[in-house]
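Here's a quick briefing to read alongside the model. Have the viewer open and follow along.

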Amino acid sequence: MNTFIFNRPRERAVLIGLCSPPEVTRAQIEEYLEELAFLADTAGADVFATVIQERKLPDHASYIGSGKVDELSQLVRDEVIDIVIVDDDLSPVQARNLEKAFECKVIDRTGLILQIFAIRAKSARAKMQVELAQLEYMLPRLSGQWTHLSKQKGGIGTKGPGETQIETDRRLVRNRIASLKRKLRAVSLQHDTQTRGRRSIPGVALVGYTNAGKSTLMNALCPEAEAFAENRLFATLDTKTRRLELKINKLVLLSDTVGFIRKLPHDLVESFKSTLDEVLQADFLLHVIDASHPGFAEQMQVVRQTLKEIGVGHDNIIDVFNKIDALPDSGSLRELRVNYPDAVFVSAAREINLSALKDAIGDHLAQEFRERSIRTHVSNYKLIGYLYDHAEVIEKHYLDEEILLTFRVHKNSLKHMEALIRASQNTAYATADL
């Protein structure tokens with residue numbers, strides 16, 4: 001028996017960007033449309049053409065103006081275009097007018113990003129977050145889409161005209177949004193309970209622009225992580241956390257998080273805040289930057305701004321320039337080193353300079369360690385062994401039948417460590433010099 005597998009055909013797309021010099025130059029729009037083309041490719045579309053329209057302000061009815069709409073309508077029909085993608089957010093009126101003129105699907109940048117997230121979502125939590133963002137995006141755009149169904153309900157047993165179809169749809173969407181928010185709160189509470197024990201171990205979160213190489217770096221630092229990595233935008237939606245051992249009894253929990261992007265939809269940021277809790281709870285962040293990208297400086301600003309939006313109020317961040325093997329020449333790397341003297345420069349794919357990155361993480365971590373001393377009887381093997389297993393013992397002195405240990409421990413573990421020492425004191429095995 002033959003088995004036939006039908007793959008969904010890729011759609012033909014036209015991309016549209018709006019240029020308003022001198023505020024937004026044509027070169028900037030060209031770069032933005034390159035990113036939009038990458039997004040379209042990730043979503044399953046082949047870009048047939050890109051169109052840049054110069055206007056001071058978007059046309060309130062058609063975004064690009066009636067003349068350009070007529071011109072593009074002919075192109076869409078002649079080339080059998082399936083979808084038109086606009087690099088900015090469209091109002092419901094603009095989207096409806098363009099769809100009517102082009103007689104094909106029209107989506108904006110936010111709609112495209114939401115589509116990619118829907119494709120990429122694998123876990124139940126990610127799927128709920130994406131659905132929530134999609135519904136919140138859809139709610140104000142329901143107006144006018146169901147005019148053919150907007151008939152008044154009435155008859156026996158009703159008072160007044162009843163609900164229109166659009167009102168019914170809005171109510172159903174609002175109810176679903178409320179239900180998803182309740183479920184996500186419950187999932188977040190459960191996740192918080194499961195990860196509470198980790199907090200004694202310092203946490204480091206990987207953040208960065210999408211496709212900067214975070215997942216590849218995660219796999220290079222923690223080979224057992226098996227984080228999904230490919231040359232696609234938003235390859236990672238679910239946070240993955242693994243242990244990274246730096247030196248004896250010095251380890252961190254390294255978390256890979258969802259990538260950021262220019263004009264990241266606000267609804268999406270809100271929906272994924274529970275996933276981004278790993279970023280908020282981390283002791284410090286590794287900001288992974290694609291050194292080979294011509295617009296890396298703007299991408300860095302986008303990441304910093306997004307971190308601010310989700311509530312990160314500290315500058316406890318190490319800049320990690322990735323993909324240095326893709327730089328055009330050694331002079332480019334020297335220039336980066338001069339301009340960013342505190343950064344670390346690596347290639348995750350080729351595992352270049354990863355030891356320097358681990359040292360940088362260790363040095364950053366050392367600032368959070370506290371030094372303490374403990375004096376105990378030499379027979380108190382349980383406490384002595386625990387300190388050697390869970391702290392960095394830096395000095396050891398024997399005093400008759402007692403031992404004086406000086407050790408360093410991360411501030412997150414200090415409270416638990418002091419409780420163990422007090423318990424040991426209560427059993428008359430130890431005296432602490434704390």
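Predicted model: local features only at pLDDT ≥ 70, side-chain atom pairs only at ≥ 80, totals over all residues.

Helices and strands here are DSSP runs, numbered from the N terminus; a helix needs at least four residues and a strand at least two. Below are some backbone details, then a sheet with its helices, an aromatic pair and a cavity.

- The Pro21 to Pro22 peptide bond is cis, and its omega is near 5 degrees.
- Tyr63 isn't a glycine, yet its phi is positive, near 70 degrees.
- You'll find Tyr63 in the loop between strand 2 and helix 2 (66-78).

- In what order do the 4 strands of the open sheet run? The order is 2-1-3-4, with parallel pairing.
- Strand 2 (45-54) and strand 4 (105-108) are the edge strands, each pairing on one side only.
- On average, neighbouring strands of this sheet are turned by 25 degrees against each other, direction ignored.
- Strand 1 (residues 11-19) pairs with strand 2 over 9 bridges, in the parallel sense.
- Within that pairing, Ala13 sits opposite Val47 of strand 2.

**Helices on the sheet**
- Helix 1 (residues 26-43) lies across strand 1, strand 2 and strand 3 (83-86), and runs at about 155 degrees to strand 2.
- Helix 3 (residues 92-102) also packs on the sheet, where it touches strand 3 and strand 4. The direction of helix 3 makes about 150 degrees with that of strand 4.

**Aromatic pairs**
- The structure has 4 aromatic pairs.

**Cavities**
- There are 2 cavities of 30 Å³ or more in the structure.
- The second largest cavity comes in at about 40 Å³.
- Phe296, from the aromatic pair above, is one of the residues lining the second largest cavity, and others include Tyr209, His287, Asp290 and Met300.
- Strand 8 (284-290) and helix 10 (296-310) each contribute at least two residues to that lining.
- Sorted by class, the lining has 7 nonpolar, 2 polar and 1 charged residues.

Terms used
Residues numbered from 1 in each chain as written. Heavy atoms only, no water. 1 Å grid on protein atoms, 1.4 Å probe; cavity = no way out; pocket = protein on both sides within 12 Å on 5 of 7 lines; lining within 4 Å. Points joined across faces, edges and corners; volume = space filled by probe spheres on them. Nonpolar A, V, L, I, M, F, W, Y, C, P; charged D, E, K, R; others polar. Pairing = 2+ DSSP bridges. Axes fitted to C-alpha atoms, helices over the stretch in contact; angles between N-to-C directions. Contact = heavy atoms within 4.5 Å. Phe/Tyr/Trp six-rings, centres within 6.5 Å; stacked < 30°, edge-to-face > 60°.
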